[in-house]
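Subject: Handover of a structure and summary of findings

Dear colleague,

Please find below the structure that I am handing over to you.

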Amino acid sequence: MSGRYDDILKSLMGLGENSTHKNYYSDLQGKTAELERFKELLNHSSEEICLFKLNQWEIVDVNKTLSDRIGIAEEHLIGKGIGEIYDFGEDELENISSFDRVTIEKSVKVLGREIYLEISIKNVEFEDGLYGVLMARDITDRKEAEQQLLNSQENLKKLNSELIKAKEKAENADRAKSMFLANMSHEIRTPMHGIMGMVELMYTTNLSEEQKEYIDNLQSSSEILMGIISDILDISKIEAGKMEIVYHEFDIIKSIEKIIDNFAITAHKKGIELILYIDKNVPQTILSDEGKIRQILINLIGNAIKFTEKGNVVLRVNTVFTEEDRIIMQFEVEDSGIGMSSETMKQLFIPFMQGDISYKKRYQGTGLGLAISKKFTELLGGTIEVESAPGVGSKFTVEIGCKYVSGRESEKSEGEDLFIKSVIIAVDDNPVNRMIVGKMLSDRKIKHFLADKSVLKF
Ligand SMILES: Nc1ncnc2c1ncn2[C@@H]1O[C@H](COP(=O)(O)OP(=O)(O)O)[C@@H](O)[C@H]1O
Ligand SMILES: [Mg+2]
């Protein structure tokens, strides 16, 4: 510091030399040393410090940091206008004189380079008038970092909006494609039904053995084709958000029995036992979407038979009552087939996913059945789960909440009452079948014995 404090120091020194009072003189020396230290402190501050006369705006004192930055010696800065050094405009000067304390952030040019300063000014009153104490620090690094952050935020925003646009475009294209397929559904299915109907009719004409064989092939091929078309159209309809649930009351027992009847021949041809167990709790009539439940079960049972070479495929149907008229229908499809690896299980419900490539040669399919079944289950507010072990078999469990409409009590056959007084010997060579028949008889409190075929030898 120079100027004001130097003047004071000089006059104090003069006082000390001339004083006849030694104590007074040493006091002054102490004060002088204190001022020297204070001066050092201010000069070594990383902040620019400057004292100026308020309203005249004339610099009275500066520290070394300020004079170093602008490259003008301290003594030459005294008397200069503060507005000139810090490039203050009229408004800023007005603010400084009106408020006790002001903080200003601004950029100033130093040797052609722009730097940012945070300037804080406090007004103080000394005996000889009003002064301003100005402290300024260089915040260029912080400002540049802030600017960089802003720039990268801008870039991110731009990138994000481009990504959103691209995603929307892809989704629109995808939806348009699915919509097209969903709308085409009717157009594609109608001629297929025509072909299949005609094939049916040809069986009623006089056919040679050779022609019958051709027609058999034509029929099974068109059925496979119809299955594939139906699956593709269904998945498109689901993905286009056009698949709707139609709730109505229906006979769930009849519906299940019909499905099992339809699969009986295929299972029999493969030498597989197709077993149905319906728990006595299962109601006769429920409110749900029969078509969707049927399709889920057809897919699961179809898969179970397809991927099982020997043993059983069991459909177990159970009901859990939740509230008064709300139930959970539980369907379990269990097989003793090839099972699945954990890898296959992870991707099981993804459209077009099929297990081990080598299966594809042996087993027909599109890989859509499970994806459709899962979507249908979800649309019905239910869940689908799978347990499986390679070489042991698989078990799919579907649970769907439905409304209970009417139970089976009224339909209890007279025959059932008659059996209550009898003892039944149930004979079946298949242990799973025996267990299920046993459970059904126990449920109905009918005395029974279970036996395999060997009893027939007696
Ligand atoms: N019961 C099952 N046993 C073994 N593998 C199964 C079973 N059900 C499904 N999978 C596996 O899941 C895949 C997908 O099944 P799905 O979606 O019905 O398609 P697809 O039957 O047309 O192959 C099958 O290819 C098969 O690898
Ligand atoms: Mg399938």
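The model is a predicted one. Its chain contains 15 helices and 14 strands.

Overall form

The radius of gyration of the chain is 47 Å, whereas a compact globule of 458 residues would have a value near 23 Å. The C-alpha trace spans about 145 × 55 × 40 Å along its principal axes. Of the 458 residues in the chain, 19% are buried.

Strands of a sheet pair through backbone hydrogen bonds, in either a parallel or an antiparallel manner. One open sheet in this model has five strands in the order β2-β1-β5-β4-β3, and the pairing is antiparallel. Its edges are formed by β2 (58–62) and β3 (101–110); each has a single partner strand, so one side of each is left without a neighbour in the sheet. From one strand to the next, the twist averages 30°.

Strand β3 is joined to β4 (residues 113–126) by ten bridges, in the antiparallel sense. Within this pairing, Val110 has Arg113 of β4 as its bridge partner.

A residue in helix α7

Helix α7 covers residues 140–202, and Glu144 is found in it. Is Glu144 buried or exposed? Glu144 has 11 other C-beta atoms within 10 Å. A residue counts as exposed with 12 or fewer such atoms, and Glu144 is therefore exposed. Glu144 and Ile115 are separated by 29 residues in sequence, and their C-alpha atoms are 9.7 Å apart in space.

Which residues come nearest to ligand 1? Of the 23 residues around the ligand, these are Asn303, Gly355, Gly365, Gly369 and Leu370. Two elements give two or more residues to this shell, namely α10 (290–306) and α13 (369–379). By class, the shell comprises ten nonpolar residues, twelve polar residues and one charged residue.

Yours sincerely,

A colleague

Definitions and conventions:
Residues are numbered from 1 along each chain as its sequence is written. Chains are lettered from A and ligands numbered from 1 in the order in which they are written. This is a predicted model: local features need pLDDT of at least 70, side-chain atom pairs count only at pLDDT 80 or more; totals for chains, interfaces and linings use all residues. Helices (H or I, at least four residues) and strands (E, at least two) are DSSP runs, numbered from the N terminus. The radius of gyration is taken over C-alpha atoms; the globule rule is 2.2 Å times the number of residues to the power 0.38. A residue is buried if 20 or more other C-beta atoms lie within 10 Å of its own, exposed if 12 or fewer, and partly exposed in between; C-beta atoms are placed from the backbone. A residue is near a molecule or strand if its C-beta atom, placed from the backbone, lies within 6 Å of it. Ala, Val, Leu, Ile, Met, Phe, Trp, Tyr, Cys and Pro count as nonpolar, Asp, Glu, Lys and Arg as charged, and the others, Gly among them, as polar. Two strands pair if DSSP finds at least two bridges between them. Axes are lines fitted to C-alpha atoms, for helices over the stretch in contact, and angles run from 0 to 180 degrees between N-to-C directions.
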